[in-house]
Amino acid sequence: MTATLTIQDLFKLILFLLGIGALTYLIFVLKNINKLMSQINIVAEANEKNINDILEQLPSISKNLTSITESTDSAIKDLTPEINGLVQNINGISGKVNSITDSIDSTTHKVSETLDVVTDSISETAYAFQYNIKNIDSYIKLIVEIIETIKNAIKKK
């Protein structure tokens, strides 16, 4: 029993086996799709009333959305000038706050300078007072010495 197998016959055999494998895979895929479709059909039948209600309400929902969109556009157009006015007022208030802040900063700086001058004056006055007290003390000691000298001179006579 001899059989000759050509390369062409080999390729045909390989292609035939690949075709059988692809068809088998396609059958499994179609079987799974059929199961999925049957489950979808079961769910659709169970919820048929709800689906019909939703489909009946879609036009009114669409109208409501259109109405809401138009109302929103109208409100935005009406409020735009007021919003711009508010922004300008806020900017004006911001400028006034900056002005007040600058004024407070300037006043604080002036108060600080005044306190420095007053502190220096008090310090100089205290130093002068202390110096004068030392001088008065020296004068008193000098007067006491003079009085003692006079007293000693009187005692000797």
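1. A salt bridge is taken here as a side-chain nitrogen of Lys or Arg within 4 Å of a carboxyl oxygen of Asp or Glu. On that criterion, a search of the whole structure returns one salt bridge, formed by Asp53 with Lys49, whose closest N and O atoms lie 3.8 Å apart. Asp53 and Lys49 are four residues apart in helix α2 (residues 48–156), and are therefore separated by about one helical turn.

2. The model is predicted, so that local features need pLDDT of at least 70 and side-chain atom pairs count only at pLDDT 80 or more, while totals for chains, interfaces and linings use all residues. Residues are numbered from 1 along each chain as its sequence is written, and side-chain values use heavy atoms, with hydrogens and water left out.

3. The secondary structure comes to two helices and zero strands, where helices (H or I, at least four residues) and strands (E, at least two) are DSSP runs numbered from the N terminus. Of the 157 residues, 0% count as buried, buried meaning under 20% relative accessible area, exposed over 50%, and partly exposed in between (1.4 Å probe, protein chains only). The accessible surface comes to about 14,600 Å², of which 65% belongs to carbon and sulfur atoms; such areas come from the Shrake-Rupley method with a 1.4 Å probe, and for residues only the protein chains shown count as cover.

4. A nonpolar surface patch of about 1,100 Å² includes Leu5, Ile7, Phe11, Leu15 and Ile20. Patches are made of residues with over 30% relative accessible area and no salt bridge, like charges being joined within 9 Å and nonpolar side chains (Val, Leu, Ile, Met, Phe, Trp, Tyr) within 5 Å. Leu15 is found in helix α1 (residues 7–46) and, at 59% relative accessibility, counts as exposed.

5. A patch of negative charge on the surface gathers Glu113, Asp116, Asp120 and Glu124. Lys and Arg count as positive and Asp and Glu as negative, with His and the chain ends not counted, and the place of a charge is NZ of Lys, CZ of Arg, CG of Asp or CD of Glu. Asp116 lies in helix α2 and is partly exposed, with a relative accessible area of 46%.
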